[in-house]
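Here is a short briefing for a first look at this protein and its ligand. Begin with the overall layout, then turn to the sheet and the ligand site.

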Amino acid sequence: MTARIIDGKALAEKVREEIAQRAAELTAQGVQPCLAVILVGEDPASAVYVRNKVAGCEKAGFRSLKFTYPVDVAPEVVFAKIAELNADATVHGILVQLPLPKQFDADKVLEAISPEKDVDGFHAENFGLLLQGRKSFYPCTPWGVMKMLDSEGVQLKRMEAVVIGRSNIVGKPMAVMLLSRGATVTVCHSQTKDLAFHTKRADLVVAAVGRAKFLTGDMIKPGAVVVDVGINRDADGKLCGDVDFDTARDVASLLTPVPGGVGPMTITMLLANTVESAQRVLEAKQQ
Ligand code: NAD
């Protein structure tokens with residue numbers, strides 16, 4: 001079997017066109033979607049992510065604000081900026097780029113963002129709502145994965161799904177989203193005794209580990225759907241995922257590539273959350 005490859009880039013472009021359309025409609029009604037991004041320090045990967053987020057906003061017709069601080073900035077300065085942005089009615093989304101330098105308690109920073117503007121979906125209140133199956137801002141990466149699965153018509157009901165990774169930003173919310181859609185979900189992690197035992201019987205595997213080419217074809221059930229969230233560099237410095245693409249494609253039925261898979265969907269869903277936040281503001285105004 002040769003897997004069909006899910007083109008995340010093409011899907012992201014399509015969804016972004018819809019978002020730009022919604023943004024234009026909101027702007028015409030006096031509410032231009034606006035995302036504020038806070039970047040602390042000079043981590044090169046973070047700088048690239050922020051640049052892409054700002055560019056994504058501008059292309060979709062959003063207003064975009066960017067605040068950068070030196071690596072040794074006092075946490076109070078950042079907390080004051082978050083408070084100011086929380087109070088600014090023209091700002092619909094606030095994002096603090098992670099990781100933060102060591103003087104910060106990241107949980108406290110994320111919780112300082114108003115849940116109504118938490119377009120990353122990392123605030124404990126939004127995560128709690130997600131767990132309860134209620135409306136919230138969904139974390140962008142797992143939500144992007146759901147969009148990719150839906151775009152391919154993958155029927156999640158009754159599926160055996162295995163999520164590898166239990167982080168708050170990918171693995172855990174991914175498991176909850178799959179569960180809410182009727183999959184039977186197993187979450188594997190660094191302490192799992194026999195990972196291959198689980199992955200070999202899974203109809204769907206989502207790999208969010210952070211280890212280059214970790215999930216190999218022999219660990220995958222023939223015909224399974226395989227989603228690769230990982231962003232790593234291989235021994236030659238080339239970008240690659242957590243899935244060993246060359247061996248996995250001979251076994252899986254559907255597979256996401258790296259690059260060009262989940263990555264482009266993540267920023268897309270950030271834009272979707274921001275436009276949704278602006279929509280909620282407009283609706284509140286109209287009531
Ligand atoms: P993380 O380091 O917070 O979590 C990694 C998880 O992998 C942990 O829960 C750990 O228990 C598990 N793990 C580690 N070793 C394992 C092993 N041997 N067997 C089974 N599980 C193991 O990472 P994260 O933030 O969840 O990100 C995971 C990967 O996804 C990274 O490569 C990251 O760069 C990537 N990522 C991509 C996007 C995107 O937009 N595509 C977004 C976020 C993260």
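The chain is divided into two domains: domain 1 spans 30-114 and domain 2 spans 140-263. Their C-alpha centres lie 29 Å apart. The model is a predicted one.

**The sheet**

- Six strands form an open sheet, in the order S1-S11-S8-S7-S5-S6. The pairing is parallel.
- Strand S1 (4-5) and strand S6 (184-188) are the edge strands, and each pairs on one side only.
- Strand S5 (residues 160-164) and strand S7 (residues 204-207) run parallel and are joined by four bridges.
- Ile164 has Ala207 in S7 as its bridge partner.
- In general, strands of a sheet pair through backbone hydrogen bonds.

**The ligand shell**

- The ligand is surrounded by 21 residues. The closest are Arg166, Ser167, His189, Ser190 and Thr266.
- By class, the shell holds nine nonpolar, 10 polar and two charged residues.
- Helix H10 (residues 262-286) gives the largest share of the shell, with three residues.

**Polar contacts and cover**

- A polar backbone atom of Ser190 lies 3.0 Å from an oxygen atom of the ligand.
- A polar backbone atom of His189 lies 3.4 Å from a ligand nitrogen atom.
- For Val229, a polar backbone atom is 3.4 Å from a nitrogen atom of the ligand.
- On its own, the ligand has 850 Å² of accessible area, and the protein covers 73% of this.

Definitions and conventions:
Residues numbered from 1 in each chain as written. Predicted model: local features only at pLDDT ≥ 70, side-chain atom pairs only at ≥ 80, totals over all residues. Heavy atoms only, no water. Near = heavy atom within 4 Å. Polar contact = N/O pair within 3.5 Å; in protein donor to acceptor, adjacent residues only side chain to side chain. Areas by Shrake-Rupley, 256 points an atom, 1.4 Å probe, with all protein chains shown as cover. Helix = DSSP H or I, 4+ residues; strand = E, 2+ residues; numbered from the N terminus. Nonpolar A, V, L, I, M, F, W, Y, C, P; charged D, E, K, R; others polar. Domains from an automatic or database assignment. Pairing = 2+ DSSP bridges.
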